[in-house]
Amino acid sequence: MAKVFNPVKSFGLVAVSAGLVLALLLGSVVPAKAGPGEVVKVGLHAVLTGAVASAHLYVNYGTLDYFRYLNETGGLDGITIECPWYDTRAEPARAIATHRRFVDAGVILEIAYTLNNIEPNMASLVREQIPVIMTGGSSERTVVKPQPWVFCGTWPELFLPAFAYDYIKGSWVEERPLRVGIMAIDYASAHEIIDGAKEYAPAFNIEVVGAEMLPMFGTLDSTTEWMRLLSKMPDWVFLISFGQTQTVQIKDAARLEIMKKGIKGMGFYPMEEQAIRIAGPRDTEGWFVIRHFPSTKEVGLPGMKLVQESAKKYRDMEAIGIYLLGWLGAQVAAEGIRLAIEKVGIENLSGAAVRDALASMRDFDVGYLPPISMTDEWPIFASLLRVYRIHECNLVPASEDYVEIPYHLLKAQDLEKYGIGTLPAGVDISKYMK
C-alpha cells in the first residue's frame, strides 16, 4: 500500500520539533561578559528530533545548563566556554555534517551521547585532533590506540552483563545454573550487550535461554515475544530498550504477571523518571536498573543540590537522571579544558592538549560519583556501576555500595579490543565496592 501523506500529522511533528529546538535555544549557553574575553568552543551533538529524541532531550539540557552555570560564575578563571550545537537526530549523515561545522568553527572538544554521532567521524576526529566526551559506553569501533580520542562515561556495552551477573549471582542459592532471558530492541549497542551476555554467562554458571528483539520504536504490543521468552523459564530478564518500546514491554510484563511468577527484571538502558511515570507505579514496581550514575533523589550527595538548583533555575523542572548525565559530561569536559590551559596556556590550547589532559585527570570530584581518574589505558570516568530498584516510581539503591568489577573474569582479548587496560596507579576503588 502506498504511503499516504497526512498534512495534519506532519504539521504536528514540525510544530513539536520547532518547539523542542526553541526550548533548547532559550536555555542555550550565553557567554559570560566577565573576564579577559577569551572563548573556548565545545561542540554538542544534540538530539532533539528523530527516533531517539525522547531519550536524549534532557541530556542536552544538562550539558548546556552546566556550561551556562559555569560561565555565569566566572568561567574558567574568566575564560568562557561557548557551546555551539546542532540537531543530528542521531543520524550518521547529520553527525558527519555537524562535525565538519564544528571543525570550521574551531571547537577543541566535542560531546555526544550516542555512538551514531561518533563512529562515522572517528577517522576525522583523529586527523583533526578533536577529542570526544561520550557519557555512555564505547564500542570497539571508537577505540584508537595507543592514545584514545573518545573518553566514555562507563564500560563498553560488551562488559555490562558481567557486572549484572556479579550482582544477581549473589542472591542465587539453587544448584542449577541461573537462567537469563533478554528482551531487547534492534539497536547496535543492544546487540553488543547481548553478545556480552552470551559470552560471559559460562564464567558465572549462568545460562542465557533466549533473546527476543523488537523495533526501537513503533512497538504497540510485545505479548508474543514475552510468551516465547517465558516459555523458556528464565529466572531473570534483562531489558535492553528505552522510550516507547520499553514502556510497552514493561506494561506487557506486568499484565503477564512475570514477577508474580518469580521472575525478576533488570534494565540496562536508563529507565528514567519520566518513562517510569508513564508506565506507572503498579507496572514498574520491583524492576532493577544497572547504571553508572546516581539517582537525582540521592540529595545527600554533595554535588546533587547544585544539579537540582540548575534544573529549577534554567528549565523550571525537577532534575532527572539523564539531565544529570548531561551535567556530568560537561563537568568532565570543562575539567579537561582547565587542566590543558593550566599546562599549556590559553594561547597554546588545542584539541590535542585537551586530549592529553583528559588522559591525565586524577581524583576529579564531581560531587556525586567516586573521584574520576583517567589514563590512555583507562579512558572511562565512571568505572563503577550500581544497581537500583524502582519503588513507588523512584529509583532507590538496591545495595549500599557499588557493584564489584569482575575484572578477573573479563577476557584479555576483549579488554585489548576495547582499549581497556589497568586502573590508573594509586587509584583505590575498593572502598566503593561491596
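Modeller: Let me start with Asp363, which counts as exposed at 53% relative accessibility.

Colleague: Happy to begin there! What makes Asp363 count as exposed?

Modeller: Buried means under 20% relative accessible area, exposed means over 50%, and partly exposed lies in between (1.4 Å probe, protein chains only). Asp363 has 53%, so it counts as exposed. Before we go on: this is a predicted model, where local features need pLDDT of at least 70, side-chain atom pairs count only at pLDDT 80 or more, and totals for chains, interfaces and linings use all residues. Residues are numbered from 1 along each chain as its sequence is written, and side-chain values use heavy atoms, with hydrogens and water left out.

Colleague: Where is Asp363, and what is its phi?

Modeller: Asp363 sits in the loop between α13 (351–358) and β12 (386–391). Such helices (H or I, at least four residues) and strands (E, at least two) are DSSP runs, numbered from the N terminus. The phi of Asp363 is positive, about 55 degrees, although Asp363 is not a glycine. Most residues other than glycine have a negative phi. Asp77 also has a positive phi, near 55 degrees; Asp77 belongs to the loop between α2 and β2 (80–82), and is exposed because its relative accessibility is 77%.

Colleague: Why is the peptide bond from Lys145 to Pro146 worth a look?

Modeller: Most peptide bonds are trans. The bond from Lys145 to Pro146 is cis, with omega near 5 degrees. Pro146 is placed in the loop between β5 (132–137) and β6 (150–154).

Colleague: Now the rings. How many aromatic pairs are there?

Modeller: The count comes to 21 aromatic pairs. Tyr66 and Tyr69 form one of them, with 6.1 Å centre to centre and 45 degrees between the planes.

Colleague: Why is the pair of Tyr66 and Tyr69 called tilted?

Modeller: Rings of Phe, Tyr and Trp (its six-membered ring) pair if their centres lie within 6.5 Å; planes under 30 degrees apart count as stacked, over 60 as edge-to-face, and the rest as tilted. At 45 degrees, Tyr66 and Tyr69 are therefore tilted. They are 3 residues apart in helix α2 (residues 57–72), so about one helical turn separates them. Tyr66 is buried at 10% relative accessible area, whereas Tyr69 is partly exposed at 25%.

Colleague: And what makes the pair of Tyr66 and Trp327 edge-to-face?

Modeller: Its planes are 75 degrees apart, with 5.0 Å centre to centre. Tyr66 lies in helix α2 and Trp327 in helix α12 (residues 321–344), so this pair ties together parts that are 261 residues apart in sequence. Trp327 counts as buried because its relative accessibility is 1%.

Colleague: How do you know that the charged end of Lys411 sits over the ring of Tyr200?

Modeller: The rule asks for NZ of Lys or CZ of Arg within 6 Å of the ring centre and within 35 degrees of the ring normal. Lys411 meets it, at 5.8 Å from the centre of the Tyr200 ring. Arg355 lies over the face of Trp149, also with 5.8 Å to the ring centre. Tyr200 belongs to an aromatic cluster whose members include Trp155 and Trp378.

Colleague: Last one: what makes you say α2 is mostly covered?

Modeller: In α2, 13 of its 16 residues are buried. Just after α2, Gly74 takes a positive phi of about 110 degrees.
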